[in-house]
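Subject: Structure handover and findings

Dear colleague,

I am passing the structure below to you, together with an account of what was found in it. Please read the account with the structure open beside you.

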Amino acid sequence: MRCFILILCWSALAAAACTHTRDEALACVREYGDANGDGQLDRAEIDALRASSLRWWERGLSWIAGETTSTVLRHCDANGDGVIEPWEAQATQDTCIPTCEAADLVVQLICERQAAMRAL
Ligand SMILES: [Ca+2]
Ligand SMILES: [Ca+2]
């Protein structure tokens, strides 16, 4: 019986773990983050997106975890020029939202909240 419950829990976790893809996460970050509509994300836009999406304690936690705007740029800005362009998504697959769990987090913490704010 315990095994059965464990398997149930595991499959529930596994199903809940990956409901979004990296492409979805990147697309919505671009959609909600690119404030000036030039097709790329700069530091100020990433800062603004984080500030308006994350709650103060989540920003604190992410800062403690080392997930800052600088980290985002380091992981997602392939040529290091300070802006994230669409072509860099392909070049940073291993560092920028590398797992579907990361994609889920981005969608839940940023995209869904931005969508909800827009709907108001
Ligand atoms: Ca922009
Ligand atoms: Ca770049």
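A residue is called buried here if 20 or more other C-beta atoms lie within 10 Å of its own, with the C-beta atoms placed from the backbone. Please keep in mind that this is a predicted model.

By that cut-off Leu26 counts as buried, because 21 C-beta neighbours are found inside 10 Å. Leu26 belongs to helix α2, and, once residues up to four places away in sequence are set aside, Leu26 touches Ala89 and Ile97. Ile97 is itself buried, since 26 other C-beta atoms lie within 10 Å, and it sits in the loop between α6 (88-91) and α7. When you look at the backbone there, please note that phi of Ile97 is near 50 degrees, which is a positive value in a residue other than glycine.

As for the chain as a whole, the protein has seven helices and two strands, which follow one another along the sequence in the pattern α-α-β-α-α-α-β-α-α. Of the 120 residues in the protein chain, 18% are buried.

The axes of α2 and α7 come within 9 Å of each other and cross at roughly 30 degrees, and because angles under 35 degrees count as roughly parallel, α2 is described as roughly parallel to α7. The crossing of these two helices, α2 and α7, is left-handed. On the α2 side the contact is made by Arg22, Glu24, Ala25, Cys28, Val29 and Tyr32, and on the α7 side by Ala103, Val106, Val107, Ile110, Cys111 and Gln114. Sorted by class, the residues of the contact of α2 with α7 comprise nine nonpolar, one polar and two charged.

The other pair consists of helix α3 (residues 43-53) and helix α5 (residues 69-76), which pack at an angle of about 125 degrees with their axes 10 Å apart, so that α3 is oblique to α5. In this case α3 passes α5 in a right-handed crossing. The contact is formed by Arg43, Ile46, Asp47 and Arg50 of α3 together with Thr69, Val72 and Leu73 of α5, and the residues of the contact of α3 with α5 divide into three nonpolar, one polar and three charged.

Helix α3 also deserves a separate look for its burial pattern. Glu45, Ile46, Leu49 and Ser53 are buried in α3, and, seen down the axis of α3, its buried residues fall within an arc of 100 degrees, so they line one face of the helix. These buried residues of α3 pack against α2 (22-33), β1 (41-42), α5 and α7 (100-119). The face of α3 turned away from its buried side carries Ala44 and Ala51, which are exposed.

With kind regards

Methods:
Residues numbered from 1 in each chain as written. Chains lettered and ligands numbered in written order. Predicted model: local features only at pLDDT ≥ 70, side-chain atom pairs only at ≥ 80, totals over all residues. Helix = DSSP H or I, 4+ residues; strand = E, 2+ residues; numbered from the N terminus. Buried ≥ 20, exposed ≤ 12 C-beta atoms within 10 Å, placed from the backbone. Axes fitted to C-alpha atoms, helices over the stretch in contact; angles between N-to-C directions. Parallel < 35°, antiparallel > 145°, perpendicular 65-115°, else oblique. Left-handed = near helix turned anticlockwise from the far one by under 90°. Contact = placed C-beta atoms within 7 Å. Nonpolar A, V, L, I, M, F, W, Y, C, P; charged D, E, K, R; others polar. Arc of directions from axis to C-beta.
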